[in-house]
Amino acid sequence: MSNFVFKLPDVGEGIAQAEIVAWHAEIGQEIQEDDPLVDVMTDKATVEITSPVSGRILSRHAEVGVMASIGSELVVIDTGGKPEAPAAEPAPVPTSAPAKPAKAPAKAAPAPARVAAPVVVSPSAAAPVGSGKVLAAPAVRARLAALGLDGSTIRGSGPEGRIEHADLDDYLTRSQPQSQAVPPAPTARPPVPPPPAAGDEGIEDIKVIGLRRQIAERMLEAKRSVPHFTYVEEIDVTALEAARAEINTAAVGWPKLTLLPFLIKAMVRGIAQHPIVNARYDADAAVIHRYNAVHIGVATQTPRGLVVPVIRHAELLTLHQLAAEIAKLSELARAGKASREVLTGSTITVSSLGALGGIAATPIINPPEVAIVGVNKIVERPVVKDGQIVVAKLMNLSSSFDHRIVDGFDAAAFIKTVKGELEAPVRLMV
């Protein structure tokens with residue numbers, strides 16, 4: 001019997017430890033090389049690590065919720081008498097920058113550990129797709145099957161031409177024009193649980209781990225360290241909604257425009273006049289970093305919790321380009337495939353609950369940013385215009401600011417500019 005000790009590899013993000021959030025293999029289970037082994041989380045990005053060898057799991061040394069150090073032992077695998085792998089830790093292939101094809105390793109040594117974004121693999125999807133054999137991990141083959149793609153048409157960057165997650169992402173980006181971007185599939189509504197039986201005093205204990213733990217820690221730190229103030233303004237979006245409907249009807253084949261692209265364009269115009277809201281505050285150094293570029297974080301609800309993918313250089317994008325970027329980033333976030341680069345670097349954040357937006361909210365700032373714009377739902381109400389009572393579509397913006405950096409006057413002036421742009425949507429199309 002030969003035992004292979006697998007250690008937590010460096011996942012390429014310059015971090016010293018990662019949280020174990022899910023195991024895909026139990027003690028005593030037989031696994032194959034490249035089978036999903038464990039999911040770890042680093043700074044809101046969940047990474048799937050596959051097994052570098054085939055064999056049987058003898059022991060696990062870190063359970064769900066544990067913060068494991070890079071290089072610490074994860075599992076011991078009985079390789080069935082095959083020569084044990086070298087003691088040196090193999091370098092993983094980061095998902096954000098695929099390595100160049102490497103020379104095939106010797107038969108006796110296991111393939112390097114690979115990390116990829118987590119994908120749910122069903123038994124039927126684990127088989128190769130297309131007419132030819134696909135050299136790829138089961139998780140990658142599952143994505144190919146779900147997309148109806150023949151892997152033989154995709155160039156792989158892994159050893160011996162193996163297709164990695166990054167190769168598939170690159171293929172999808174190149175093969176789908178921006179004007180043909182597909183909006184994310186609607187999140188399935190969870191089943192409604194039956195009402196509890198009379199006298200039921202059951203208690204469900206839910207461990208706070210993974211993304212939920214990170215959200216809890218960040219929210220606590222934000223409320224504890226940032227003096228928030230919230231400013232609410234009412235916007236008449238009657239003309240905007242009419243223009244949006246007309247554009248969506250006429251622009252066949254283009255991404256559908258929601259309210260968010262218009263809001264982001266309006267925020268860009270507002271930031272140009274009130275740049276202090278597009279900033280990050282380094283409290284330790286007592287320095288405000290005010291940015292010329294507008295990198296807008298879009299708070300996105302996912303099955304795992306709230307994440308904030310970033311639209312970079314929003315000031316350079318058209319309405320339809322913004323719509324395509326929002327759809328792409330939302331899909332990455334909901335599928336758990338958003339990289340650390342996608343989830344960091346925002347200079348201001350927008351949060352929207354859509355039809356569930358309520359009348360008003362007090363959104364929490366995403367430090368070290370100094371402002372967040374929250375969107376509430378659109379409602380029809382009678383209003384007085386030019387002495388006449390008419391029905392208008394109204395929406396509140398509930399925005400929070402860091403009072404250490406943004407004065408009340410500046411916040412109100414910024415939101416007034418955004419209001420003016422949204423109420424005259426023709427300007428946003430120029």
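Biologist: Is the crossing in which α5 passes α7 left-handed or right-handed?

Modeller: In this predicted model, the axes of α5 and α7 come within 8 Å of each other. As for the sense in which α5 passes α7, the crossing is right-handed.

Biologist: How are α5 and α7 oriented to each other, given that their axes cross at roughly 135°?

Modeller: Angles over 145 degrees would count as roughly antiparallel, and those from 65 to 115 as roughly perpendicular. The axes of α5 and α7 cross at roughly 135°, and the two helices are therefore oblique.

Biologist: Which residues in α7 does α5 meet, and how many residues of each class does the contact have?

Modeller: From α5, the residues taking part include Phe 262, Leu 263, Met 267 and Arg 269, and on the α7 side they are Phe 414, Thr 417, Val 418, Glu 421 and Leu 422. By class, the contact of α5 with α7 comprises eight nonpolar, three polar and two charged residues.

Biologist: What covers the buried residues of α7?

Modeller: Helix α7 runs over residues 408–423, and its buried residues include Ala 411, Phe 414, Ile 415 and Lys 419. Among the elements that cover the buried residues of α7 are the helices α4 and α5, together with β10, β16, β17 and β18.

Biologist: Does Leu 332 count as buried, exposed or partly exposed, and why?

Modeller: Leu 332 lies in helix α6, residues 319–334, and, with neighbours within four places in sequence left aside, is in contact with Lys 337 and Ala 338. Buried would require under 20% relative accessible area; because Leu 332 has 21% relative accessibility, this residue counts as partly exposed.

Terms used
Residues numbered from 1 in each chain as written. Predicted model: local features only at pLDDT ≥ 70, side-chain atom pairs only at ≥ 80, totals over all residues. Heavy atoms only, no water. Helix = DSSP H or I, 4+ residues; strand = E, 2+ residues; numbered from the N terminus. Expected span 1.5 Å × (residues − 1). Buried < 20%, exposed > 50% of the residue type's maximum accessible area, 1.4 Å probe, protein only. Contact = heavy atoms within 4.5 Å. Axes fitted to C-alpha atoms, helices over the stretch in contact; angles between N-to-C directions. Parallel < 35°, antiparallel > 145°, perpendicular 65-115°, else oblique. Left-handed = near helix turned anticlockwise from the far one by under 90°. Nonpolar A, V, L, I, M, F, W, Y, C, P; charged D, E, K, R; others polar.
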